[in-house]
Amino acid sequence: MRHNNGGNVLKRWIVFISLLFLAACEQEHAGASGGQEIATAPWTEQQLADTNSRMNQIDDKMKQLEQELAKIKVAADSPQVFKDVPIDHWAYVHVVRLYHQNIVGGVGNGLFAPKQAITRAQAAAMLVRAFQLPLSTKPSIFTDVPNSHLFAREIMTAYEAGFFGGYPNNRFAPQESMKRQHMAMVIQRAFRLQATSAPYAGYKDVNERTQGALEIRIISQHGIAEGDNGYFYPEQPTTRAHFATFMDRALQIK
């Protein structure tokens, strides 16, 4: 019975949001209905610019509706998984979707800790699960990753797959927080993403001297990363919520 109710709620929301979208489109069309009797070149160019602007606005509305529909579908299909990732959390869909694919887990007590920085070891484990790679049977080559380490086999698997490199003196730094620039490099390697012709405005805090600048550009062109008000914050740690989001987006285009 609960499942049927969830399905009915989902259908009602889909109808409601679809009607809102149609109304928005009609409003856009109505605003464009007026025209001049003689189509001069400047007027034509202005009309094309206005049309492109309206199309971009409609595309933005479509993306917003798709995000809302995704939240509604996930909420209808399953209950809230983590206490600290409610349905109105910006990363809700991504976290829950990866949870149901056994790619992410919690930190205990029903919590996900979305604002907590993800470690290199945790990121390696997530990638190995996402690609369903068989775990390496080789002993660890890293001086700071003993074979008894919780993620020793996942770390070796991710290393052998080429997702991660090490540090000098054969260190992996498993407990080190993963910087956002390093996250971009790992995601690009793991999913073998290439640069595209998609527009790239760049970021105010990323230049050609920034480590991972090319990888940041590539994952941005693929819509995996978007930045925040023109900033990427390459040196800042990647939170668990952000890494789950980047992973889920990358998996959608895999």
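Biologist: Which residues of helix 6 are buried in this predicted model?

Modeller: Arg180, Gln181, His182, Met183, Ala184, Met185, Val186, Ile187, Gln188, Ala190 and Phe191 are buried in helix 6. Each is called buried because its relative accessible area is under 20%.

Biologist: What makes helix 6 largely enclosed by the rest of the structure?

Modeller: Eleven of its twelve residues are buried, so helix 6 is largely enclosed. The buried residues pack against helix 4 (120–130), helix 7 (213–221) and helix 8 (240–252).

Biologist: How do you know that the span of helix 6 is close to the expected one?

Modeller: Helix 6, residues 180–191, reaches 16 Å from its first C-alpha to its last, and 16 Å is also the value expected at 1.5 Å a residue. Arg192, which follows helix 6, has a positive phi, near 50°.

Biologist: Why is Tyr99 called partly exposed?

Modeller: The relative accessible area of Tyr99 is 34%. Buried requires under 20% and exposed over 50%, so Tyr99 falls in between and is partly exposed. Tyr99 lies in helix 3 (residues 92–100) and touches Val81, Phe82 and Val104, leaving aside residues up to four places away in sequence.

Biologist: Why is helix 3 called roughly perpendicular to helix 8?

Modeller: The two axes come within 8 Å and cross at roughly 70°. Angles of 65 to 115 degrees count as roughly perpendicular, so helix 3 is roughly perpendicular to helix 8. Among the residues making the contact are His94 and Arg97 of helix 3 and Ala244 and Asp248 of helix 8. The contact residues divide into five nonpolar, three polar and three charged.

Definitions and conventions:
Residues are numbered from 1 along each chain as its sequence is written. This is a predicted model: local features need pLDDT of at least 70, side-chain atom pairs count only at pLDDT 80 or more; totals for chains, interfaces and linings use all residues. Side-chain values use heavy atoms; hydrogens and water are left out. Helices (H or I, at least four residues) and strands (E, at least two) are DSSP runs, numbered from the N terminus. The expected span of a helix is 1.5 Å times one less than its number of residues. Buried means under 20% relative accessible area, exposed over 50%, partly exposed in between (1.4 Å probe, protein chains only). Contact means heavy atoms within 4.5 Å. Axes are lines fitted to C-alpha atoms, for helices over the stretch in contact, and angles run from 0 to 180 degrees between N-to-C directions. Angles under 35 degrees count as roughly parallel, over 145 as roughly antiparallel, 65 to 115 as roughly perpendicular and the rest as oblique. Ala, Val, Leu, Ile, Met, Phe, Trp, Tyr, Cys and Pro count as nonpolar, Asp, Glu, Lys and Arg as charged, and the others, Gly among them, as polar.
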